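Dear colleague,

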Amino acid sequence: MKRVGLRIDVDTLRGTQHGVPSLLNNLAQHHCTASFFFSVGPDNMGRHLWRLIKPAFLVKMIRSRAATLYGWDILLAGTCWPGKKIGRRCETIIQDAARDHEIGLHAWDHYAWQTQVETWSEDQLCEQFATGLNELSRIIGRPVDCSAAPGWRADQRVIEFQQRFGLRYHSDCRGTEIFLPKLSSSALATVQIPVTLPTWDEVVGPRVPAKTFNRYLLDALHQAKGDPVYTIHAEVEGLVAANTFAQLLQMAADEGIQFCPLGELLAHKPAPLPIGSIIRQTIPGREGWVGHQHFTDQTL
């Protein structure tokens, strides 16, 4: 069996309330486990609508049929009313996920991280991260030891401040394989597990139609080298694309592909780990920059 890391990002209240239970059911039926990364603070995702004045974001919203894909309650959350606290409202659902799956922090305020992380001071960065970790740890009743930056918005500055939290791993960037980032002090940072494959919203429309996405993804997985990691979203694969995701799980099992938590990939990763850094880079199908793996010629 080919092992593939499955990262599930949970960005919103609706995604937590309705998408996560659907995903838990599908994963259980297909005997799969995954890494769930939860946003636990205010759901302010609707404030992204202000970005419609940016042509690239407007084109993506139209191309992905965002209103149909996500629902108006997600697209308007936190605009006309204060964002509802996701963790407080969804404790039982998050605890249900924690029984069988790896749990990590996505964000305290997903919208704020994705749009403001570049301008936050170090104190603001640490406050957002610590608040999210503390809330998620409270909910699941144990320390949280992994995280995944919203929208892959992380660079070397983010990597530097994260070291004070001493987590087991982070999944903050795109890339090809598990690696150790080098810090400005020449010390090595916490392990990074990059996402290596495109997401649904990056390829459906410009590259492939929705009906052939599963075949596109499985072909990419068969060809993938290194440490393949795939990201889904509770707001997509847990809701409007739930049947498509269930079909993907069955097709993957039939073709010898086993999805697993990211921590399981790390546990089976042989030494030495390559050493690199994280740089800002654009990728097809995604508006703005993302953190991206950049290799040196060193290993450890």
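Contact, as used throughout this message, means heavy atoms within 4.5 Å. The model is a predicted one, in which local features need pLDDT of at least 70 and side-chain atom pairs count only at pLDDT 80 or more, while totals for chains, interfaces and linings use all residues. Residues are numbered from 1 along each chain as its sequence is written, and side-chain values use heavy atoms, with hydrogens and water left out.

His-106

Leaving aside neighbours within four places in sequence, His-106 is in contact with Arg-7, Asp-9, Val-10, Asp-11, Phe-37, Phe-38, Ser-39, Ala-148, Ala-149 and Pro-150. This histidine lies in strand β3; helices (H or I, at least four residues) and strands (E, at least two) are DSSP runs, numbered from the N terminus. With a relative accessible area of 4%, His-106 is buried, where buried means under 20% relative accessible area, exposed over 50% and partly exposed in between (1.4 Å probe, protein chains only). Its side chain makes polar contacts with the side chains of Asp-11 (3.1 Å) and His-110 (3.3 Å). A polar contact is a pair of N or O atoms within 3.5 Å; within protein, one must be able to donate a hydrogen and the other to accept it, and residues adjacent in sequence count only if both atoms are side-chain atoms.

Ser-147

Ser-147 belongs to strand β4 (residues 146–147) and counts as buried at 1% relative accessibility. The side chain of Ser-147 makes a polar contact with that of His-170 (2.7 Å). Not counting residues up to four places away in sequence, Ser-147 touches several others, among them Phe-37, Leu-105, Phe-129 and Asp-172. From C-alpha to C-alpha, Ser-147 and Phe-38 are 9.0 Å apart in space, although 109 residues separate them in sequence.

Helix α6

In helix α6 (residues 91–100), the buried residues are Ile-93, Ile-94, Ala-97 and Ala-98. They lie on the same side of α6, because they cover an arc of only 140° around the axis, the arc being that of the directions from the helix axis to the C-beta atoms. Thr-92, Arg-99 and Asp-100 are exposed on the other side of α6. The buried residues of α6 pack against α1 (13–29), β2 (35–39), α5 (86–89), β3 (102–107) and α8 (122–140).

Where α6 meets α8, Glu-91, Ile-94, Gln-95 and Ala-98 face Leu-136, Arg-138, Ile-139 and Ile-140 in contact.

Yours sincerely
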